[in-house]
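Trainee: Could we go through this model together, taking one local feature at a time before turning to the whole chain?

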Amino acid sequence: MKTTILWLLACCMLSLAACDKTMVTVDNPPETTTPVNPGTTPLPDKQVKAGLQGIITDENNDPLTGARVQCGDQSAVTDQYGAFRFSQLDLKEAAAVVTVQKTGYFNGVRTFRVTGAGREQFVQIQLLPKTAAGSFDAATGGNVSASNAQFIFVPNQVLDASNKPYKGKATLNYAFINPERTDFSDIMPGDLRAVNDKNEVVALQSFGMMALELQGENGEKLHLDGSNSVTFRMVIPATLRNTAPATIPLWHFNETTGLWQQEGSAEKLGDSYVGTVKHFSFWNCDAQFPIVNFKASFKDDKNNPLANTAVQITRPNGSSTYGYTDANGEVSGAVPSGEQVTISVKNKCNQVIFSKKAGPWTTDANAGTYTVTLDPVSAISVSGKVSNCTGTVVTKGVVNIQVEGVHYTAVIQNGSYATTIVRCQSGSVNMVLNAVDETANKMSTITVPVSPGQYTQDLQACDAIQASTVSILLEGQTISFSSPADSIALYNSSGDTLVNYSAAASRKANPDHIGWNMSSIQVGTQTSRYINISIGGKKYYQQSMNVNITRTGVPGEYLEGTLSGNVTRSMDSVAVPISGSFKLRIE
C-alpha cells in the first residue's frame, strides 16, 4: 500500500514537471522577462559609508568561531563570541548584503537597510548545517526523501564542474527553514524583500523555505543542467496549512543582490506544496504583499538608546518582518503598506519585552521614538562621569564599551555617559570600557566584571592618543592612511586556529582600503593568510605577505611592524611586490 501511494505521488509530481515551461536557472540562465543581471535590482544604487558588526551562531544558537564574514570588499573571521566587526564599509543603502561561510554549513546571508551614513549596523545570523537527505545514481536519476520533503531527479541532469554529466552517486544536502520558529529571523536568508515577475520590490510571507545543494562522492560540488526539472514535494508547516494559498509563487534567493526573485509557482496538494526547480540554492514558497519604508528609534526608560536589539513587525495575519537596531537604537526597513501592525522588541533570548500597535502607513514613514521599560534582570545599565587627569570633566568624547564581543557606544554629555545593554544570560561577564576625550586627544581603558543590574563607573581619560598609521609601497606608489582622517582598526577575530587578529585601514572620502590578518600580535614574523587591497579602483588579493611585528602592548598601547612580500593583482592575476609599515592602537 505504501509503495502504491509513493508511486501515485511520483506520477502526480512528474506530471507537474512536464507541464512546467516557465522556470529559469542560475546555473544556465535562458532568456527571460525577469532581470538576469545578478547585480541589478529596482532599488536605488546609492552607496553610503557605515560600520557593521554582528554575531554568528550555529544550529544550537551557540557562538560559531572561525566563520568567514564577507561584506563589500572586506572580510573578517568570527572570534570566540561568534562576533565580527567592520569599522567602515561601502554599502548599498537600500540593500546591503553580508555573507557568512563555514565548512559544513550552508552560507548565511543577511540583507539590511542602512539606517544612515556613519552609523554602525548590527546583524545576527544562525548558520544551517548541511545534512545529507539521501543519495541517488546521477546517471539513472532517482528519488530522495528528506525529513519533510521529497525530490525526483531524472537521468543525467546532474553535472560536474566541467558541465559534464556526473557519473556516480550524487548526494542532496538539505535544510528546511520553518517560518514557525522563534529564531526564524536569524536563520532566513535576506530580509524577506523580493523582486517579483513585474520587477517590483515586495515583501514575502513564507510558507516554508529550503536550502538545497548537490555534492559528489568525493565532496565535490555538483549542479543541475538547467534544462530538466527536479520535482519537489514540501510539507507545509502545521499552523500555516489552513491559510496556505492553492497556488503560490516560488522564489529563489539571489546572494549577490540579497533579494528573493520570483521564479515559477507551486500547487497545494493536501498538506504539501508541489513544484519544480531547475537549479539549487535557497527556495521559498511565499505570498507577496506591497511595502513602504519604515524607521523608528528605541530607548529605555532612562533615555538610553537600545542598540543592537531585535525588532519585529507583525501583520494582522501573523506573518512578520524583522530587523536590528543600530548603535543609536534606530531601525530601518520595510513594513506592509496600508496595514496596522504590531511592533515588538525582543531580548537576546528571543523573548518579547515590548509590544505596541502602530500604523497603518501608505507612504514611507518615520514612526518616531518608542520607550521600552526593561526588566533589571535582563539588562546591564552602566553610567558615570568622565574626567581628565586633573579632574576636569570631559565635555566632548565617547565611551566605547565591549561585552561578549559586541560593541556599544555612549556619547559623553556634560561630563557624563550612560548606556543600557540588553542580555539574556544572568551570569557575570567582563565589560571593557574605553573613555575617549576628543578635545585633549586622550583616552583610558579598563575592564570590570558585571552582571545584570545598574552600575556606576567613573572614568579618567589620561593617556595620549597617537595616530594609527598604515603606509604601503605598491607598484611604485606610496599609499598612506592616518587616523582620525582615515578609519584604522585592529580587532580580535579569534576562532580560526591560524587567524586571530585583523587589521583594516580605509578612506572616509573614497573606497581605497587595505586589510590583512595575523595569527597573533606577538613580536616576530608571520605570514598573513588573508589580504584585501583596493587602491584607485585596482584590487589586490592574498598571495604571500609577511608581517613582522616589532613592538606590541596591552589595550590602549600600539602594535608596530612592517609588511613585505607579494600580492595578486585581480585584473590579470599578476603577482606584484608590496612593502610597508603600520602602527595600530590595540583595543
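Trainee: Is N156 buried, partly exposed or exposed?

Mentor: In this predicted model, N156 sits in the loop between β10 (149-153) and β11 (158-159), and its phi is positive, about 60°, although the residue is not a glycine. Buried would require under 20% relative accessible area and exposed over 50%. Because the relative accessible area of N156 is 33%, this residue is partly exposed.

Trainee: Which loop holds N199, the residue with a positive phi of about 65°?

Mentor: Most residues other than glycine have a negative phi. N199 has a positive one although it is not a glycine, and at 36% relative accessibility it counts as partly exposed. Its place is the loop between β13 (193-195) and β14 (201-215).

Trainee: What is the omega of the peptide bond from G359 to P360?

Mentor: P360 belongs to the loop between β26 (352-358) and β27 (365-372). Most peptide bonds are trans. The bond from G359 to P360, however, is cis, with omega near 5°.

Trainee: How compact is the protein, judged by its radius of gyration?

Mentor: The protein has two helices and 46 strands. For 587 residues the globule rule gives 25 Å, and the radius of gyration is close to that value, so the protein is as compact as a globular protein of that length, at 26 Å.

Trainee: What share of the residues is buried?

Mentor: Of the contacts with a separation of 6 or more, 63% join residues 24 or more positions apart. Counting residues under 20% relative accessible area as buried, the share among the 587 residues is 54%.

Technical notes. Residues are numbered from 1 along each chain as its sequence is written. This is a predicted model: local features need pLDDT of at least 70, side-chain atom pairs count only at pLDDT 80 or more; totals for chains, interfaces and linings use all residues. Side-chain values use heavy atoms; hydrogens and water are left out. Helices (H or I, at least four residues) and strands (E, at least two) are DSSP runs, numbered from the N terminus. The radius of gyration is taken over C-alpha atoms; the globule rule is 2.2 Å times the number of residues to the power 0.38. Buried means under 20% relative accessible area, exposed over 50%, partly exposed in between (1.4 Å probe, protein chains only). Contact means heavy atoms within 4.5 Å.
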